[in-house]
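I opened the model today to look up a handful of residues, the ligand site and the domain layout. My entries follow in the order in which I went through them.

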Amino acid sequence: MSIVETRSLGLYQVIKVQDDQAPEVRPGQFHMLSATVGWGGEGGGRPWLARAISFLSSDGNGGIEFLVDGIGPGTRQLALLKQGDQLDLVGPLGNGFPELAASEETTPCLVAGGIGIAPILALSQQLALAGTEHDLILGFRNAEFADAAAAWPDATVATDDGSVGEQGTVMAPLARALDAGPRTVYACGPPLMLEAVRSRCEESDTPAWFALEAPMACGFGACFGCAVETKNGIVRLCVDGPVISGSVLAGITSTGRVDGQ
Ligand SMILES: Cc1cc2nc3c(=O)[nH]c(=O)nc-3n(C[C@H](O)[C@H](O)[C@H](O)COP(=O)(O)OP(=O)(O)OC[C@H]3O[C@@H](n4cnc5c(N)ncnc54)[C@H](O)[C@@H]3O)c2cc1C
Ligand code: FES
């Protein structure tokens, strides 16, 4: 599939493809992405496995965007792609965030940290299109990353160093939102942030959904590489997730491992 546009969003890179045959994608779902050229070790080494990347946004006419944080060989290669380059794409995969029942008298509270903004911004776009008021809280390390949030002026931004928005983590704005009335929380981000959010929601009996990450080799249930433990037993995040209810999570450890005990 051809890339029709790329652009920077803070230190991240947006990749847009046109897929007129694509099924509708739900926020929280992901695709397995790989480049067709240069996808493997140097000097003709073995090709790499595709990398899991969340759906960021849709233009409603087959245009789908992804947000890439170049942290390792695969994501750096994806971030280097330019308009006209080819991208192999398998998806949409996974469950995505559940839809809020119209009868639920609760305000969606969306919380994201770092590259976790991708599925959360997708959900925010969907809620905004449906006219559903919601909180949008984005946390970043510093201004370089927070530049990504400039495109969402209604978001409450927190940075660790206070260079943009309020100083600190997402926890203070989250506490204010939870104090303001009934909320259902939707979160994605680094494990430490997710565990703090999970624990806060548990304390206040707030329903919460977490888009989790685990190393994914296949993306469709075959390899068990993404297996994590929940209170209900082991699940494969690529097919049973990546969105998991906080009610079945006992903890999210700093290594990203999900603790079901
Ligand atoms: C469902 C899902 C959605 C994702 N969405 C996005 C997205 O929208 N944008 C984006 O940039 N990235 C996203 N990721 C993360 C991305 O898939 C990994 O960062 C990527 O696979 C790393 O590959 P690499 O070759 O660049 O780096 P590697 O060298 O493979 O990894 C770099 C470092 O990250 C660790 N790591 C790799 N994969 C994961 C993982 N899945 N969970 C925790 N640690 C990992 C490695 O152990 C290593 O320390 C998502 C992952 C999942 C599972
Ligand atoms: S990534 Fe292979 S089973 Fe989930």
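I began with Phe-224, which I found in the loop between β12 and β13 (227-230); helices (H or I, at least four residues) and strands (E, at least two) are DSSP runs, numbered from the N terminus. The phi angle of Phe-224 is near 65 degrees, a positive value in a residue other than glycine. Phe-224 counts as exposed because its relative accessibility is 51%, where buried means under 20% relative accessible area, exposed over 50%, and partly exposed in between (1.4 Å probe, protein chains only).

Before going further I noted that this is a predicted model, in which local features need pLDDT of at least 70 and side-chain atom pairs count only at pLDDT 80 or more, while totals for chains, interfaces and linings use all residues. Residues are numbered from 1 along each chain as its sequence is written, chains are lettered from A and ligands numbered from 1 in the order in which they are written, and side-chain values use heavy atoms, with hydrogens and water left out.

I then turned to Asp-205, whose phi is near 55 degrees, again a positive value in a residue other than glycine.

Next I looked up the cis peptide bonds. The bond from Gly-91 to Pro-92 is cis, with omega near 5 degrees, and Pro-92 has its place in strand β6. The bond from Gly-241 to Pro-242 is also cis, with omega near 10 degrees, and here the proline lies in the loop between α6 (237-240) and β15 (243-245).

What does the side chain of Glu-65 make a polar contact with? Glu-65 is found in strand β5 (residues 63-68) and is buried, since its relative accessible area is 12%. Its side chain makes a polar contact with the side chain of Arg-7 at 2.8 Å, and another with the side chain of Ser-57, at 2.8 Å. For this entry, a polar contact is a pair of N or O atoms within 3.5 Å; within protein, one must be able to donate a hydrogen and the other to accept it, and residues adjacent in sequence count only if both atoms are side-chain atoms. Not counting residues up to four places away in sequence, Glu-65 touches Arg-7, Val-14, Ile-15, Lys-16, Phe-55, Leu-56 and Ser-57, contact being heavy atoms within 4.5 Å.

Gln-13, in strand β2 (residues 12-18), is buried because its relative accessible area is 12%. The side chain of Gln-13 makes a polar contact with the side chain of Ser-8 at 3.4 Å. Leaving aside neighbours within four places in sequence, the residues in contact with Gln-13 include Arg-7, Phe-66, Leu-67 and Lys-82.

I also checked Leu-81, which is found in the loop between α1 and β6 (87-93) and counts as buried because its relative accessibility is 8%. With neighbours within four places in sequence left aside, Leu-81 is in contact with Ile-3, Thr-6, Ala-35 and Leu-87. Leu-81 and Leu-56 are 25 residues apart in sequence, and their C-alpha atoms are 17 Å apart in space.

For the overall layout, I noted that the protein is divided into domain 1 (3-93) and domain 2 (107-259), with bounds that come from an automatic or database domain assignment. The C-alpha centres of domain 1 and domain 2 lie 21 Å apart, and the contact takes 20 residues from domain 1 and 23 residues from domain 2.

Where does ligand 1 lie? Both domains give residues to the shell around ligand 1, so it lies between them. Of the 20 residues around ligand 1, Ala-52, Leu-67, Asp-69, Gly-74 and Thr-75 come nearest, a residue being near if one of its heavy atoms lies within 4 Å. A polar side-chain atom of Ser-54 lies 2.9 Å from a nitrogen atom of ligand 1, and an oxygen atom of ligand 1 is 2.8 Å from a polar backbone atom of Asp-69. The elements that give two or more residues to this shell are β4 (51-58), β5 and α1 (73-80), and β4 gives the most, with four residues.
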